[in-house]
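Let's take a walk through this model together, one chain at a time. Have your viewer open and follow along.

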Amino acid sequence: MTSPQPSPTTTTTPPTTTTTTSSRAAQPTTPGRPTDAANGALFDAIATEHATIYGYGLVSAHSTPDVNDLVSTAMAEHRERREEAIAVLEARSVDPPLPAAGYQLPMEVDNPTDAANLAVRMEEDAAVAWRAVLEQAADEKDRSFAVSALSQCAVAAAKWSRVLGISPITVAFPGGSE
Amino acid sequence: MLHVPSSPPTVSRRQMLFSAAALALLGSAAAACGEPPPPPEVDELAAQLDRARADSQLASDAAAATPPPPTAQALTAVASERSAHAQALSDELVRIAGTKAPTATPTTTTVPPAKAPTTEDVIAALRQSADAAGQLAATQSGYRAGLLGSIAASCTAAYTVALVPPKAAQ
């Protein structure tokens, strides 16, 4: 995992579990990862999408106007995918993960090149998460959804790689380690 | 056996040994007969393998037809990615079919087409391959589903981004 990671300082909950919740009643409790493999992978993918959407905010802030379309398309795709995946989990009465209060970036992002590098990295990580969903899924609908997600991530990664001037801009196994 | 003997049948030790040997023979014969039907996914994976090889060849031929350098580079990349797909699919076929080598025979030694393939031909082939791999991925599970999904994603990225000139791509 190299995508933005939840910042430990802002998300740590007190280690001592108190029975009186009055002082922290407004604080949402983070749902645990489901034990079921298929839902667990989907849960992880949603958490990755939360991080990716957060990261795209920074990418957007540091990008030049000529990649505006790319930023907004990618961001919209991740948001839509996250919402759909959350709906799938909720339909199974599984609590989806909440976004973290903050995230630690895997790299400094100070200029358009950093922004594009972060975007490529986030798309690669999202592809890994969706391939895991594809491998763990128990039904065909989830798998089709994961294939589309994986393909969209690969397309976005290729577009960002082109922005960076990388050659070739595509990889043989998006989300895989073959 | 239609009637139940009233007294326990007397079976000699020798008879017992013979029947045990006969059963063992029968068992091994049945096991041998049970082996031949290959797993149903073998054919489907073999079809994917053929596609990967054909696309790789098509992209190489298109690259050899001297398109503008950036396109030629992209076509060469497609050729190598599709041949990496072929390798991974062939490995998976070997894994599921035991030690048997993939059945696909490379019949690419046929007469080359009169006209060299264009980038558009490669794009059309990759679009079909992406659809086929994606559809098959949805019906498979585990590693095989993941591998086919990555192949579909790679083909999609190639035909929607890599093979499309930058100006039109965004």
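**A tour of chains B and A**

From the N terminus on, the elements of chain B run α-α-α-α-α-α, giving six helices and zero strands. Helices here are DSSP runs of H or I with at least four residues, strands are runs of E with at least two, and both are numbered from the N terminus. What you see is a predicted model, where local features need pLDDT of at least 70 and side-chain atom pairs count only at pLDDT 80 or more, while totals for chains, interfaces and linings use all residues. Residues are numbered from 1 along each chain as its sequence is written, and chains are lettered from A and ligands numbered from 1 in the order in which they are written.

Of the 170 residues in chain B, 34% count as buried (20 or more other C-beta atoms within 10 Å of the residue's own; 12 or fewer is exposed, anything in between partly exposed, with C-beta atoms placed from the backbone). Among contacts in chain B with a separation of 6 or more, 75% join residues 24 or more positions apart; a contact means two C-beta atoms, placed from the backbone, within 7 Å.

Now turn to where the chains meet. The contact takes 29 residues from chain B and 29 residues from chain A. On the chain B side, H3 (69-96), H4 (119-139) and H5 (142-162) each supply at least two residues, with the largest share, 16 residues, coming from H5(B). That side of chain B divides into 16 nonpolar, twelve polar and one charged (Ala, Val, Leu, Ile, Met, Phe, Trp, Tyr, Cys and Pro are nonpolar; Asp, Glu, Lys and Arg are charged; the others, Gly among them, are polar).

Over in chain A, look at helix H5 (residues 140-164). A:Gly165 follows H5(A), with a positive phi near 80°.

The buried residues of H3(A), including A:His78 and A:Arg82, pack against H2 and H5 of chain A. On H2 (residues 37-62) of chain A sits A:Thr52, which counts as buried because it has 29 C-beta neighbours inside 10 Å. Leaving aside neighbours within four places in sequence, A:Thr52 is in contact with A:Ser3, A:His78, A:Met122 and A:Ala126.
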